[in-house]
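Colleague: I have not seen this one before, so please take me through it piece by piece.

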Amino acid sequence: MRLTAGDFGIKHIANKRGMIPTQVHIKNFMSYSDNSLRFGDLTIIHSKKAGAGKTSILEALMYAFTGKTLRTLGDLRIAEIIRRLADSANIQVDGIYKPNPQSEPTSLFIERTRKKRGSDLSVRIGGEEVGDPKTFLEQEIDAKSFSRMTYINGHDILQLLRGTPKETALLFDRLFGIDVLEQVKTALATRGMKNELKQVEEKISDVQEMQRLMSQHSGMLAERQENEQRAQELRELRERLNEELDQVLIAEQNAKDSLRRLQDQKNRIDETTTKISMFRERNETVDRSMESENVKLNGVEEILVDLLDQFGEEDPDSIIEVKKQRKEEMYALLQSQETVPTIIDSLIGKIESREDVACPVCGKEHLSIEELEEMKDQFEGIHEERREHIDFLTTEIMNLVATNKRIEKLKAKKRGIRETINRMLREKEDNLRQIANLEEFISSIQDESVDIDEDGMEQILDEKKSSEIRGRLSSIDDELSNLQRKLSEARSEMRNIPENNELPNIERLEDRRQRLQFTIEKFKRFRGIISETLRDIRSRILEEINTIINDYLNFFEISVVNSVQMKVIQKQLSGEMLYRYDILVKDSQSRDLPFESLSTGQKATVLLALLMSINDVSANAFPLLLFDEIQACGLDDEGLMTMVQMLSTLATLRNIVITSRSEDFINKMDAELLRVNEDGNKVHDISVRIYECQLTDTEQGVPKTEITRYDGNERESSQ
Amino acid sequence: MNQIEEVIREKTENEEDAEELMELVNTAFESNSALMRKIDRMKEGE
């Protein structure tokens, strides 16, 4: 077996101990189906694409040694460990083991199998089975240290080159293995507890103040209770009185209504009586009128009798008619004899004319003028009598007519009087009927009022109980108002005084205060211890680093840079300890060279020297360096070239396993490894293995990583 | 880790504090969330 790093290297790692893998066999682990890989002094695992499975090889080593993941130090899930469609994963590591600096290296074999249920572990040292392989590995391989001290990621280099002072500081702390201390220190922050303590103390103070006020106001409390009780009594009394008032008001209202009804009845009786009187007066008036009319009637009847006597038994109209007829006859006769004088005159004339004239009437002949004139005189005398008779008749008729008219008028008048008397009689009857109705009405009213106890009703109203009750209620209201005012004043004064059972439990608060104070003190103490521990450990680590880093610089043969020291700068700011790590670079004249001013190659070399120094000073240093994703360094061409040269050189001190996705890196590494010196010998006398990983699909659709030797050439050291 | 323990014990006045602080540091190594849970219990006085 070939030892690498010749007795484990230059002086400061000569007394180290540890394990170096020489070969790993991976079966059904992550994307690996069944693959083997041998390690050289320098092993490069390359792929063109991400996710091909390069880091899985580093994970396989970590898992075989510790059962944990490389990057998170956590447990892997079964699905992550065992390749899909397989029942178990198996990793076997062959290597070299040096238990202590003084011992000889011996063979190492580790086999870890992970099944779906359970796992198996076997460790053989020098061919012999280790009894408790789990404990052996835990003691031998501290997973955290293995990860921290052995594993570097290209992103870390990038962070060291470009990160903020805080990011860089955190990274160095992680590499120093002291990042957990900062974590614990941060977790032990006391600000929240101090705030809570302040609140608790304020609460305690408040409760104490409340208790003081409560005892001070105990008298006020008693008075308040009394007043509240009195107010309650008054409210109940008021309620009762209100109920009583309601009933009294109802009774008074009933009394009023009853009395009003009685009064109404009386009024109605009075009105009715008045009406009856009125009707009676009317009747008296009617009687008087009737009497008067009777007198008139008698008068008219007497006159009528007298007037009718003129007519006797006969009907006046008939008498008048006879007289009229008589008059007409007389008139007609008169009319008919109007010409007699003329005739007589004519006869006379004739006589004078000697004519012989006969009487037209009697026919007597030989009338003389004297006869004719006598006849004429007689006739005129008769005529005159007739005229006088006619006039007499006319006057008689006129008188009869007038008398008749008068009789008619008197009759009419009599009729009128009779009608009036009848009307009066009827009116009188009506009045009597009205009177009877009204009297009956009065009777009915009088019947209604029988049940009303007028005296009783009046007594109710006279008592004025509602007024009395209202008076009492008013007094109660005044008193209540007074009490409310007092209670309100008391409430104002005692506003902030809670009831006893509302106060927070002061014992609990005191207890909480004590606990907080105790815990704050403890945290402060712990933070102090951690700060001192950090200061000490940083100091020790930096001291050790600073002792050996320049050896690495010499080893790497860096130009211009003569010395590098790492320093920690601490500053208290707002109660917080801030710190950063400074890399102090000096040239051969001991002039300061700002790190930023270095070329990328120089920076890369300094950083690598620093990382190796850190690795050396760790308690569980392994002569094994896992450099993952080197393409993430962020180095330019020169920087990368320097990195290639440094790593090639470093491979004489350490076994290095590098993963890369950089073709440029591979090509540069290839060229560097092939470089020969003036004597024609290879510059780097190391064994190199370069592998390429490629992820392919199997027939069943499960991805699989294939490992092939890079370009088929195996480069071995001549030794 | 041994170095951390060594220095902590050196700086701590009593064994109880040292044990408690180391327990916190070991828990921090396991996980940050476990550390925070432990700190919370300490704050509650458990």
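Modeller: Let me begin just after helix H16 of chain A, where A:Glu557 takes a positive phi of about 55°. Helices (H or I, at least four residues) and strands (E, at least two) are DSSP runs, numbered from the N terminus. This is a predicted model, in which local features need pLDDT of at least 70 and side-chain atom pairs count only at pLDDT 80 or more, while totals for chains, interfaces and linings use all residues; side-chain values use heavy atoms, with hydrogens and water left out. Residues are numbered from 1 along each chain as its sequence is written, and chains are lettered from A and ligands numbered from 1 in the order in which they are written.

Colleague: How many residues does H16(A) have, and how many Å does it reach?

Modeller: Helix H16 of chain A covers residues 506-556, which is 51 residues, and reaches 70 Å from its first C-alpha to its last, close to the 75 Å expected at 1.5 Å a residue. That expected span is 1.5 Å times one less than the number of residues in the helix.

Colleague: Where does H16(A) bend?

Modeller: H16(A) bends by about 30° at A:Asn546, the bend being the angle between axes fitted to the seven residues ending there and the seven starting there.

Colleague: And what is found at the start of H16(A)?

Modeller: There, a side-chain oxygen of A:Asn505 reaches to within 2.9 Å of the backbone nitrogen of A:Glu507.

Colleague: Changing topic, in which helix is A:Thr649 found, and what is it in contact with?

Modeller: A:Thr649 is found in helix H18 (residues 637-650) of chain A, and its side chain reaches the backbone oxygen of A:Gln645 at 2.7 Å. Leaving aside neighbours within four places in sequence, A:Thr649 is in contact (heavy atoms within 4.5 Å) with A:Phe555, A:Phe556 and A:His684.

Colleague: Now the sheets; what is the order of the six strands?

Modeller: The six strands form an open sheet in the order E8-E12-E13-E3-E14-E15 of chain A, with mixed pairing, where two strands pair if DSSP finds at least two bridges between them. Strand E8 (151-153) and strand E15 (703-709) of chain A stand at the edges with a single partner strand each, so one side of each is left without a neighbour in the sheet. From one strand to the next, the twist averages 20°.

Colleague: Do tell me about E12 and E13 of chain A: parallel or antiparallel?

Modeller: Strand E12 (residues 624-628) and strand E13 (residues 655-660) of chain A pair in the parallel sense over four bridges, and the bridge partner of A:Leu624 in E13(A) is A:Asn655.

Colleague: Which helix lies across E13(A)?

Modeller: Helix H2 (residues 54-66) of chain A lies across E3, E8, E12, E13, E14 and E15 of chain A, running at about 145° to E13(A). Axes here are lines fitted to C-alpha atoms, for helices over the stretch in contact, and angles run from 0 to 180 degrees between N-to-C directions. Helix H6 (residues 154-162) of chain A also packs on the sheet, touching E8 and E12 of chain A, and its direction makes about 65° with that of E8(A).

Colleague: What is the order of the three strands in the other open sheet?

Modeller: That order is E9-E10-E11 of chain A, with antiparallel pairing. Strand E10 (residues 576-587) of chain A and E11(A) pair over two bridges, A:Asp592 being the partner of A:Lys586. Helix H7 (residues 165-176) of chain A lies across E9 and E10 of chain A, at about 85° to E10(A).

Colleague: Last topic: what pLDDT does each chain average?

Modeller: The pLDDT, the predictor's confidence in each residue from 0 to 100, averages 82 in chain A, where 92% of the residues score at least 70, and 86 in chain B, where 96% do. The model scores ipTM 0.95 and pTM 0.57.

Terms used
Polar contact = N/O pair within 3.5 Å; in protein donor to acceptor, adjacent residues only side chain to side chain.
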